[in-house]
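This briefing covers pockets and ring contacts. Please look at the sequence and the structure before reading on.

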Amino acid sequence: DIEYDTEFYTVGIHTLNPIGPFASPEEMVQKGYEETKKHISNKFIITLGGEHSISYGPIKAHVEEYKTLSVLHLDAHSDLRDEYEGSKYNHACVMARVKEIAPIVHVGIRSQCIEEQGNFSRKNMFYAHEIRQNKNWIEDVISRLKTKNVYISIDLDVLDPSIMPSTGTPEPGGLFWYETLELLEETFKRRNVVGFDVVELCPNDINKAPNFLAAKLIYKMIGYKFFM
């Protein structure tokens, strides 16, 4: 890493075999929870995957492990529907489930359905169009994280589609690379980040750059955790 003049991989990285396939969303949540519980006592766990619903199992395990925990949610969508397409564990519902077990601060939101209105604390909702008018938005976000322990959940569509077109539901007006890194670096500096996930990469055959962006983002966060 040029910025830190450090090879972050030297901390030691082990990639577990993928879990799944699953017969139901409920099984997916349970297996993600169980796999996280196996390793949480002695590893820093990073969860990678497809749609955002995979995040709930690992978050639940972290809430149980750390007792007091806030979730920093970076996403274009608030994912606060109580139910969608017949499931409470659909990707559109993941933060509604998380809200039942931990406080959430949402950042980068720019798409929301009417059903989600009222299902969140407005003071913890940082819409993308508002943070562009606020020079102190990073400070404001971190101030809303009321616990020392923080779990970070990143849906890659929080990023602007000009740099991250490879998602299932891209939205214009997203965050860019360096402002995202600044938020993450400050969060790691000032809170105890206990785990994170990165989800919703949808690779395409034409443009490989988003794949490398996702990998580099994960690598930078490993560095912020262990080398700062």
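Which residues lie nearest the centre of the largest pocket? They are His14, Leu16, Ile45, Ile46 and Thr47, and the lining has 31 residues. This is a predicted model, where local features need pLDDT of at least 70 and side-chain atom pairs count only at pLDDT 80 or more, while totals for chains, interfaces and linings use all residues. Residues are numbered from 1 along each chain as its sequence is written, and side-chain values use heavy atoms, with hydrogens and water left out.

**Pockets**

- A pocket is an open set of points on a 1 Å grid over the protein atoms alone, where a 1.4 Å probe fits, with protein on both sides within 12 Å along at least five of seven lines; lining residues have an atom within 4 Å of a point.
- The largest pocket holds about 1000 Å³ of space, a volume being the space filled by probe spheres set on the points.
- Its lining has 18 nonpolar, 11 polar and 2 charged residues (Ala, Val, Leu, Ile, Met, Phe, Trp, Tyr, Cys and Pro count as nonpolar, Asp, Glu, Lys and Arg as charged, the others as polar).
- The second largest pocket has a volume of about 220 Å³, and 3 nonpolar, 5 polar and 6 charged residues line that pocket.

**Rings**

- Rings of Phe, Tyr and Trp (its six-membered ring) pair if their centres lie within 6.5 Å, and the count is 8 aromatic pairs.
- Tyr4 and Phe8 form an edge-to-face pair, 5.8 Å centre to centre with 65 degrees between the planes (edge-to-face means over 60 degrees).
- Ring pairs link Tyr4, Phe8, Phe188, Tyr219, Tyr224 and Phe227 into a cluster.

Key:
Rings of Phe, Tyr and Trp (its six-membered ring) pair if their centres lie within 6.5 Å; planes under 30 degrees apart count as stacked, over 60 as edge-to-face and the rest as tilted.
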